[in-house]
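Below are some notes on the two-chain model you sent over. They are arranged as numbered points and can be read alongside the coordinates.

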Amino acid sequence: MKQKRSVLLKIYAALIFIFLYAPILVLVVFSFNSSNSTAQMSGLSLKWYSELAHDSATLQAFKNTMILAVLSAVISGVLGTVSAVGIDNMKHKWLKNATRGITNIPMMNPDIVTGISMMLLFVFAGRMLGKTGVLGFSTMLIAHITFCLPYVILSVLPKLRQIDPNLSEAAQDLGCTPLQSFFKVVLPAILPGVITGIMMAFTLSLDDFVISYFVSGPAAQTLPIRIFSMTKKRVTPDMYALSTIMFFAILVLMLLINYAQVRGEKKTAAKKA
Amino acid sequence: MKKGTSLGARLLAAPHLVWSAIFVVVPLLVVAFYAFTDSSGAFTFNNIKEINNYAGTFALSIWLGLIATAICLVLAYPLAYFISQSKFNVQQTMITLVMLPMWMNFLLRTYSWMTILENNGLINTFLTWIGLQPLHMINTRGAVVLGMVYDFIPYMILPIYSVMVKLDHSLVEACQDLGGNRIDVFRRVLLPNSVPGVVSGITMVFVPSVSTFYISQKLGGTSTALIGDVIESKFMTSNNYHGGAALSLVLMVLILICMAVMNRFSGEDDLENGRLTV
């Protein structure tokens, strides 16, 4: 009886995974198509990959996306960690709650509302300063930092709560300045949370389309925006080639992280034994 | 003297608060400002009144969003349970598999569905090949819901999984020892303990589904315009910032009301619990 049930669950899980991966498989297969159809296979070729290598607009968009993701991950990582420490030290409950409320807004709001609210702010501020065409890379960076910050703060805060407050006091009693005690005691303890936060910020920034779409302006294009403008027309398989490359790059990255985690798990288990 | 909570340490949150005030709170005020003014800057209710024209669009967006959320919940719950019951290594692999599609650009994933569902797309090519009548799937509401379910189902699986994996299995055994059958285990142990995950899953699927514009453009065609499409075209095509701002304001308020109702039902405010696992 039990056996039968678990077989059914396995089949069910397999079906869901097929559903999740079918469109991706379609993308990968058609990226090797020799004609420019995305529905009919006419032969295998690497034509779209070489086409991609010569598409300077797409490559530039890719570069913009990476720079934007790294910058917003690092800036929101630092700013978020510092603020998390500040929030953790807040004494007044109402202040803590108010801060939490503000932190939650960008996560609760639909992306489209966040996007247009920032676009309107920039346009409005531009009009006040008598400037046009304010939208560009820097407004996109500001927007990305804004929507990444809450995720960093919320992954650092739980780690801060786990720290024994006496530790940093002990460090200071032993002659550390508050800053030294932060770097020597607090930071190592919260580092996993900080790294998770930065990773999350990086992926969110990399994948964001809706918010970037509204605050980017015509000059600065990221990859998702480029893909959007291309899918307005009939898509050629070079976009498929690009996403195939990205998919496998991410797959390798995830496998490496997974491997490192399993190894770390084994190490701690060995230490405990 | 307690050194950890010096004034300096508390002031550390100040940059974040200032940043959020400027780039989160003020923009929402600017949206409200645009919603209640006309192009000359004079106060008006006209933008809000015009929303009446879009009542049907709002209703359709919420309706399709609700259907997509319900389907995601029904599909994701058993899978999350299955993953949480597997061995550690298998768990890790399956969670990675759930997250991996989220790293693929969602525009392309949606576009890929277009080529699958089209009138001369993959499914219909297959159907004609085995001698069946081709189906009309693209540019229907069903296709839009399918796209929503496909794009957002990981956001349902992950939070439910993360609460289920923390569930103490001895609770299940205790329930069985006390004479409970499988339905009792589900109703009295599994379900109550997974509520926080379900609530954040529902939020994370419902909000992007209701406000989407890309999915409906690609899979729904012109007949299935959602509220996101209307807002997008107001800003990007017709340059009617004031009308668009009014629509966004109403959308935001509607979603906040939905959230508040749901949090009331679940009786707890445990959002960050599930959010964090993504």
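In which helix of chain A does Ser6(A) lie? Ser6(A) belongs to helix α1 of chain A. The model is a predicted one, and every point below should be read with that in mind.

1. The C-alpha atom of Ser6(A) is separated by 42 Å from that of Ala73(A), a residue 67 places away along the chain.

2. Make-up of chain A. Chain A contains 11 helices and zero strands. Read from the N terminus, its elements run α-α-α-α-α-α-α-α-α-α-α. Of its 273 residues, 38% count as buried. Contacts in chain A between residues at least 6 apart in sequence can be split by separation, and 77% of them join residues at least 24 apart.

3. Dimensions of chain A. The radius of gyration of chain A is 24 Å, whereas a compact globule of 273 residues would have a value near 19 Å. The C-alpha trace of chain A spans about 75 × 70 × 35 Å along its principal axes.

4. Make-up of chain B. Chain B has 14 helices and zero strands. Its elements, from the N terminus on, run α-α-α-α-α-α-α-α-α-α-α-α-α-α. Buried residues account for 43% of the 278 residues in chain B. The C-alpha trace of chain B spans about 85 × 70 × 30 Å along its principal axes. Among contacts in chain B between residues at least 6 apart in sequence, 73% link residues at least 24 apart.

5. The interface. How many residues of chain A are in contact with chain B? The contact involves 66 residues of chain A and 67 residues of chain B. On the chain A side, helix α1 (residues 2-30) gives the largest share, 10 residues. By class, the side of chain A that touches chain B divides into 46 nonpolar, 16 polar and four charged residues.

6. The nonpolar core. The largest nonpolar core has 127 residues, and Leu120(A) and Ile157(B) are those with the most contacts inside it. Helix α8(B) supplies the largest share of this core, 16 residues. Neighbours within four places in sequence aside, Leu120(A) is in contact with Pro27(B), Val30(B), Val31(B), Tyr34(B), Tyr241(B) and Ala245(B). As background, nonpolar side chains tend to be buried together in soluble globular proteins.

7. Packing of α5(B) against α8(B). Helix α5 (residues 88-103) and helix α8 (residues 141-164) of chain B have axes that come within 10 Å and cross at roughly 150°. The crossing of α5(B) and α8(B) is left-handed. From α5(B), the residues Ile95(B), Val98(B), Met99(B), Pro101(B) and Met102(B) meet Pro154(B), Ile157(B), Leu158(B) and Tyr161(B) of α8(B). The residues of this contact divide into nine nonpolar, no polar and no charged.

8. Helix α12(B). Is α12(B) largely enclosed or largely open? Eight of the 10 residues of α12(B) are buried, so the helix is largely enclosed by the rest of the structure. The buried residues in α12(B) are Ile227(B), Gly228(B), Asp229(B), Val230(B), Ile231(B), Glu232(B), Lys234(B) and Phe235(B).

9. Backbone at Asn239(B). Asn239(B) lies in the loop between α12 (227-236) and α13 (241-266) of chain B. Its phi is near 55°, a positive value in a residue other than glycine. Most residues other than glycine have a negative phi. Asn239(B) counts as exposed because it has 11 C-beta neighbours inside 10 Å.

10. Backbone at Asn139(B). Asn139(B) has a positive phi of about 60°, although it is not a glycine. Asn139(B) sits in the loop between α7 (122-129) and α8 of chain B.

How values were computed: Residues numbered from 1 in each chain as written. Chains lettered and ligands numbered in written order. Predicted model: local features only at pLDDT ≥ 70, side-chain atom pairs only at ≥ 80, totals over all residues. Axes fitted to C-alpha atoms, helices over the stretch in contact; angles between N-to-C directions. Helix = DSSP H or I, 4+ residues; strand = E, 2+ residues; numbered from the N terminus. Left-handed = near helix turned anticlockwise from the far one by under 90°. Contact = placed C-beta atoms within 7 Å. Nonpolar A, V, L, I, M, F, W, Y, C, P; charged D, E, K, R; others polar. Rg over C-alpha atoms; globule rule 2.2 N^0.38 Å. Buried ≥ 20, exposed ≤ 12 C-beta atoms within 10 Å, placed from the backbone. Core = buried A, V, L, I, M, F, W, Y, C linked by C-beta atoms within 7 Å.
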